[in-house]
Amino acid sequence: MATVVEALVATAAGVDPEVVPVELPELGPDDVRVGIAAAGVCHSDLSMVNGTIRPEFPVVLGHEASGFVLECGAAVSDLEQGAPVVLNWATPCRHCWFCLNGEPWLCRRVEGVVSIPRGRLADGGPLNVSLGVGAFAEQTVLPRASVVSLPEGLPMDVAALMGCAVLTGLGAVRNTARVRPGESVAVFGLGGIGLSAIVGARLAGADPVVAVDVNEAKSAAALELGATDFVLYEEKVARRLRELTGGRGVDHAFECVGKSATIRAAWSSTRRGGACVVVGVGPVSDEVRLNAMEIYHYARNLTSSVFGSCDPDRDIPVLTSLVASGRIDLAPLISHRTDLGGVNDAFARMRAGEGLRTVVEFAA
Ligand SMILES: [Zn+2]
Ligand SMILES: [Zn+2]
């Protein structure tokens, strides 16, 4: 008998997703069945609903999640039933040129994959799961390679966020930019990823750490997580950041929005020879304009950070030990808790630029 669970399924761009029963696929020898404990609502989920990212429909949304192993395939010998895990939506192949070159976040197998067919609708119709995960569901089936073990006792809500926002934001600071103590940092956009970048900047010993957003209501969380200053995003934001850094501009700017205007502002906020890292994902239609003279004159580095240059198998254990030892506190990232039916409200808050991370919690 196939397992049927409740899941949040999007049927088309521009249409609110709905909670419907879905049938899990049969467990393959290398698969695990995971009962989801908590799942964060990520901007990429909204991007699949609003058409910025194009999955195959119908699709189970959700990719940032923690849970407990319910069942292991016959060939899975290193995980026990009941083990806590975090799900990995960018599981590298370990064989392609990029993986062998030590850049598994650029893995060929993961590149451009938005959804894959897996499971079925309860009426037998085809079904896809977003980013190979489909975490907005009571349970999901995925390859053993797509789950990372967690230590016992870690709060599962915080663990969920590690699967996307925290890996991406903290990784951009730690792995991509390699921020050093005393360097100045500005973070544009205070969603889950931007706030995680602030956590990473503080951990790296950056000073000042300037949080930038259109919504002043987010300043309290940013300051609690380690920002030294909050600057309202407006026309003169680059000038304000230069004022905070001896007239030079910041050493590192992290753009966590994915819009040409904020990329432009982040670039203009960095010092001569500084670095602007684009973490946000924007549409192909949104072009950034830089003139030839400024590219030369400012000697800046403009790059992006894909998945925080992270390998979850390497980086999740680092994050869990930082949380367990109290070196980082991720709890302030969570502003709302809900069930599957509340994800559409979380999307509304995201569109309005309100709230921090919403976590979908599942009954044990
Ligand atoms: Zn995400
Ligand atoms: Zn690969």
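Start at helix α1. Among what covers its buried residues are β1 (4-10), β4, β8 and α10 (343-351). The model you are viewing is predicted.

**Stop 1: helix α1.** Select residues 43-50. Six of these eight residues are buried, so the helix is largely enclosed by the rest of the structure. Pick out H43, S44, D45, S47, M48 and V49: these are the buried ones. Now step just past the helix. G51 takes a positive phi of about 95° there.

**Stop 2: the loop to β4.** Go on to P58, in the loop between α1 and β4. Look at the peptide bond from F57 to P58. This bond is cis, with omega near -10°.

Stop 3: Select β4, residues 59-60, and β8, residues 126-130. The two strands pair in the parallel sense, over two bridges. Find V59: opposite it in β8 stands N128. Then widen the view to the barrel. Five strands close it, in the order β1-β2-β7-β8-β4, and the pairing is mixed.

**Stop 4: the core.** Which residues of the largest nonpolar core touch the most other members? Select V60, F136, V187, F188, A197 and I198; the core has 116 residues. Helix α3 (residues 156-176) gives the most to this core, with 13 residues. Both domain 1 (4-163 + 311-361) and domain 2 (178-304) give residues to the core, so it lies between them. In soluble globular proteins, nonpolar side chains tend to be buried together.

Zoom in on F136. Leaving out residues up to four places away in sequence, F136 touches A7, L8, A39, V60, L61, G62, L340, V343 and V360.

**Stop 5: the two domains.** Colour domain 1 and domain 2 separately, using the bounds from the domain assignment: 4-163 + 311-361 and 178-304. Their centres, taken over C-alpha atoms, are 28 Å apart. Where the domains touch, 14 residues come from domain 1 and twelve residues from domain 2. The domain 1 side of this contact has seven nonpolar, four polar and three charged residues.

**Stop 6: strand β12.** Move to residues 209-213. Five of the five residues in β12 are buried. In a regular strand the side chains alternate between the two faces of the sheet. Check both faces here. V209, A211 and D213 lie on one side, V210 and V212 on the other, and all are buried.

Now look at the partners of β12. Strand β11 (residues 185-188) runs parallel to β12, joined by four bridges. V187 stands opposite A211. Strand β13 (residues 229-232) also pairs with β12 in the parallel sense, over four bridges. Here the bridge partner of V210 is D229.

Trace the connections next. β11, helix α4 (residues 192-203) and β12 make a right-handed β-α-β unit. β12, helix α5 (residues 219-225) and β13 make a right-handed β-α-β unit too. In the loop between α4 and β12, select P208. The peptide bond from D207 to P208 is cis, with omega near 0°.

**Stop 7: two loop residues.** Select A299, in the loop between α8 (292-298) and β16 (301-304). Its phi is near 50°, a positive value in a residue other than glycine. Is A299 buried or exposed? A299 counts as exposed, with 10 C-beta neighbours inside 10 Å.

Finish at S309, in the loop between β16 and α9 (312-324). S309 has a positive phi as well, near 45°. This residue is buried, with 22 other C-beta atoms within 10 Å.

Definitions and conventions
Residues are numbered from 1 along each chain as its sequence is written. Chains are lettered from A and ligands numbered from 1 in the order in which they are written. This is a predicted model: local features need pLDDT of at least 70, side-chain atom pairs count only at pLDDT 80 or more; totals for chains, interfaces and linings use all residues. A residue is buried if 20 or more other C-beta atoms lie within 10 Å of its own, exposed if 12 or fewer, and partly exposed in between; C-beta atoms are placed from the backbone. Two strands pair if DSSP finds at least two bridges between them. A crossover is right-handed if, with the strands pointing away from the viewer, the path from the first strand over the helix to the second runs clockwise. Domain bounds come from an automatic or database domain assignment. Two residues are in contact if their C-beta atoms, placed from the backbone, lie within 7 Å. Ala, Val, Leu, Ile, Met, Phe, Trp, Tyr, Cys and Pro count as nonpolar, Asp, Glu, Lys and Arg as charged, and the others, Gly among them, as polar. A nonpolar core is a set of buried Ala, Val, Leu, Ile, Met, Phe, Trp, Tyr and Cys residues joined through C-beta atoms within 7 Å.
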